[in-house]
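Please look through the sequence and the structure below. The explanation after them starts with one contact and then widens to the chain.

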Amino acid sequence: MARNRVELLVGNVANLDLGQFGHCAIVVDPENDILIEADRKQGVREIAWHDFSKAYATIGLYRVRGVTPDQAAAVARWVTERQGRPYSWPVPRPDGRDKDRKLDDSSLYCSKMVWLAYKRTLNIDIQAGSS
């Protein structure tokens, strides 16, 4: 894993164009292979790469273009500060009628955690289909 970058790890990839996936996490400490994920049973937590990767047959690695090392560090801090928060499901409605819940970080689903990290720290919307 590269230093000074936030990387998105996506497990159980069905379609590597980010169209379909099973789970995602953010690399927060590449030197020590540490990620943050929103786990269904344990909520937002730190997990070692080895433990994350053994659960999946296929893993995709993605980076958000144009993110500087300082910005990557801000995203990593944001998710790290959310450790211990509970897992939430379902994801917000795509029609936006529950927009306030979409922006609430008191509980997180894995892709919501990743999206909110970029939205809150860098005002980058990485939601599929956003411009």
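A polar atom in the side chain of D39 lies 3.0 Å from the backbone nitrogen of K41. A polar contact is a pair of N or O atoms within 3.5 Å; within protein, one must be able to donate a hydrogen and the other to accept it, and residues adjacent in sequence count only if both atoms are side-chain atoms. This is a predicted model, in which local features need pLDDT of at least 70 and side-chain atom pairs count only at pLDDT 80 or more, while totals for chains, interfaces and linings use all residues. Residues are numbered from 1 along each chain as its sequence is written, and side-chain values use heavy atoms, with hydrogens and water left out.

D39 belongs to strand β3, residues 34-39. Helices (H or I, at least four residues) and strands (E, at least two) are DSSP runs, numbered from the N terminus. D39 counts as buried because its relative accessibility is 17%, and buried means under 20% relative accessible area (1.4 Å probe, protein chains only). Leaving aside residues up to four places away in sequence, D39 touches R45 and Y87; contact means heavy atoms within 4.5 Å.

The protein chain has four helices and five strands, in the order β-β-β-β-α-β-α-α-α from the N terminus. Of its 131 residues, 40% count as buried.

Helix α4 covers residues 110-122. Its buried residues include W115, L116 and Y118. After α4 comes N123, with a positive phi near 55°.

Methods
Buried < 20%, exposed > 50% of the residue type's maximum accessible area, 1.4 Å probe, protein only. Expected span 1.5 Å × (residues − 1).
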